[in-house]
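Dear colleague,

Please find the structure below. My notes on its aromatic rings follow.

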Amino acid sequence: MNEGIPRPSPFTTLPSVVSFARRILRWMMLTRPIRFTRFGTFYILFSIGVGAAAINTGNNLLYLILGILLGFIVVSGILSDSGLWGVRTEWRPTGTLYAGEKADLECRATKGWFPGIAVQIESHWQGLPPLSVLAPWIPARGSVPLRVTLVPPRRGHLTLERCRYSTRFPFGLFEKSHTWQMGNEWVVYPHITRLPWQEMERLGRDYSRDTSSRLGQGSVPFVLRDYRTGDAIRQVHWKASARRQRLIVKEMEEEAGEGDLFVLKAWPMDLDPQTMERFISFVASLVFAAYEQGRPVGLALPNASFRPEYSRAQLHRILEKLALVDPYKDRITPPEDIDWNGRVADVVTLWNEWGKRYVH
């Protein structure tokens, strides 16, 4: 009853099959590019020579050798491809990133169902040359930590654009590779210069001897209490502990006006771009120096203000603002007035007096 329906000829479906196979092959070549090594080039030429000799002589031993050589090529392709499938990396810095200083990043390489052996991980960064690290062994369905060291050239964003994974496993005949787009970004703080605290003492009036009648980080004892879990050993009052036969902790009185507020009313637009970067580094160095002395520190900038506070979070907020600031866009808006009875210093004045000598 189906005699009237024409059956498709196998010759009509052959072009579509060839086209599909060509697309698959093209996709594989694009996703897994193959590069011949020096040994691999010699190996291929040697295999071609053995094949030509086998055809001309009809020697069965040569055909057997040719089959073994071609078999090694097939096995090499399968194993190297299996070692690259499923390779992924996660990147994170092990500390804070500063411009011009060495930074360590942890690269955690993970693998799928087949282990990765001798995988070369090449990371491509925006504005930096590529960095390579070798992962000798990545366990199946596991991970391995690797360490990469780089030097961020400038403040702002550090961008990891892509990673290239390659391997010559198992025989070193070919190098197969695979590129994965990343797009990770981290903030690089301005370069920090160690400023002498003797110069910082000239910032203005010192309120460190005024008291506030509240707990803090000052030098005057405020109250004695029993030791609690988490208290620092240096806070233990040993004489009182000996008298009472238990650990007694002394808490200090906060020093009312101790701290620094740096004010920048307007960015110095007469500076060239390179000197402007030095000036931003100087501002960051001022904030960092005050923080290292254990003092509350604040910063008033055009378009942003930070009230003095002693905390690591405050330091990171200020440094992140300085890392991403564009002086040529924020030069119009004046800084907000901050009610502060501690030391107030004008950043431009400090820069002109002694900052140029220390920041290069």
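Is Trp 186 buried or exposed? Trp 186 is buried, at a relative accessible area of 14%, where buried means under 20%, exposed over 50% and partly exposed in between (1.4 Å probe, protein chains only).

This is a predicted model, in which local features need pLDDT of at least 70 and side-chain atom pairs count only at pLDDT 80 or more, while totals for chains, interfaces and linings use all residues. Residues are numbered from 1 along each chain as its sequence is written, and side-chain values use heavy atoms, leaving out hydrogens and water.

Rings of Phe, Tyr and Trp (its six-membered ring) count as a pair if their centres lie within 6.5 Å; planes under 30 degrees apart are called stacked, over 60 edge-to-face and the rest tilted. This rule gives 13 aromatic pairs. One of them joins Phe 42 and Phe 46: the ring centres are 6.3 Å apart and the planes meet at 20 degrees, so this pair is stacked. Both residues lie in helix H2 (residues 38-57), four residues apart, which separates them by about one helical turn. Helices (H or I, at least four residues) and strands (E, at least two) are DSSP runs, numbered from the N terminus. Phe 42 is exposed, at 55% relative accessibility, and Phe 46 is partly exposed, at 43%.

Trp 186 forms a tilted pair with Trp 125, with 6.0 Å between centres and 40 degrees between planes. This pair links distant parts of the chain, 61 residues apart: Trp 125 is in strand S4 (residues 116-125) and Trp 186 in strand S8 (residues 174-188). Trp 125 is also buried, at 3%.

Yours sincerely
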